[in-house]
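Hello,

Here is the structure I promised to pass on. Have a look, and my notes follow below.

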Amino acid sequence: MKKWIIANWKCNVEANEAKQLAKACNNIKSDNCEVGIAAPNIYLSELAKENANVHFGVQTISHLGEGAFTGEVSVDLVKSAGANFAIVGHSERREIFNENDELIRHKVEACLNGNLMPVLCVGESLSVRENKQHLPLMYAQIRSVFEGLKLNSANDIVVAYEPVWAIGTGKIPTLQEIEEVHLYIQNLLEELHPNLGKNIAILYGGSVKPNNASDIFKTRGVSGALVGGASLKADSFSKIIAAI
Ligand code: PGA
């Protein structure tokens, strides 16, 4: 199974800084994982051309093809600009932009049909966690996308478990809690896709920092990380990559 460490720059980093940060990330060598950057789309083409050691991707993707869809950017367009993955269903998209499981499924299918690797985000809010409903929610979020999904290889898709309450807060679940959810998702993927499911990479996301990365990466069921805040500085991002 391929391991991944993916930077999610979100709506941050101005043009000049993006060039420098991408260049610094391009110089980080790792034999243990693939490194990806989900940069703002506007920089994609230039950054992808200049930094061949890093995979570039987008933070959201249109489920529609090319056509009269003002503001949307399709799978083919981002691929032509150098992207080879797309984050799909990040909690900020679910919450702020009302993306639901059905739309997220369409987006994942559009990616797979166009050979763009989706990084599917799932995760519970604090109230769901406090009510101990996080596993049933994982069941619903994973099933709605993976049931009957056509996959050719386990490397076609990556899952990221991101508890919403851990994103940007500095709080992380205990390692036991992370392990519980990762193994639960892994078993569910195996049930839904008996041949491939077990080998689909499941990343952890939510306040991954240089000081907690190594413990998180040692946790069973964890195959890398989706990193927000700590990916905005080359120094902290490289320390996280070194920890895997
Ligand atoms: P964070 O963000 O690392 O800043 O918590 C993670 C994410 O939103 O993917």
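In the ligand site, an N or O atom in the side chain of Lys10 is 2.7 Å from an oxygen atom of the ligand; polar contacts here are pairs of N or O atoms within 3.5 Å. This is a predicted model, where local features need pLDDT of at least 70, side-chain atom pairs count only at pLDDT 80 or more, and totals for chains, interfaces and linings use all residues. Residues are numbered from 1 along each chain as its sequence is written, and side-chain values use heavy atoms, without hydrogens and water.

For His90, a polar side-chain atom lies 2.7 Å from a ligand oxygen, and for Glu162 the side-chain N or O atom is 2.6 Å from one. The protein covers 97% of the 280 Å² of accessible area (Shrake-Rupley method, 1.4 Å probe) that the ligand has on its own. The shell divides into 4 nonpolar, 7 polar and 2 charged residues, with Gly counted as polar and Tyr as nonpolar.

Elsewhere, the axes (lines fitted to C-alpha atoms over the stretch in contact) of helices H7 (residues 134-146) and H8 (residues 175-192) come within 10 Å and cross at roughly 35 degrees. Helices are DSSP runs (H or I) of at least four residues, numbered from the N terminus; angles run from 0 to 180 degrees between N-to-C directions. By class, their contact (heavy atoms within 4.5 Å) has 11 nonpolar, 1 polar and 2 charged residues.

Best wishes

Notes:
A polar contact is a pair of N or O atoms within 3.5 Å; within protein, one must be able to donate a hydrogen and the other to accept it, and residues adjacent in sequence count only if both atoms are side-chain atoms. Helices (H or I, at least four residues) and strands (E, at least two) are DSSP runs, numbered from the N terminus.
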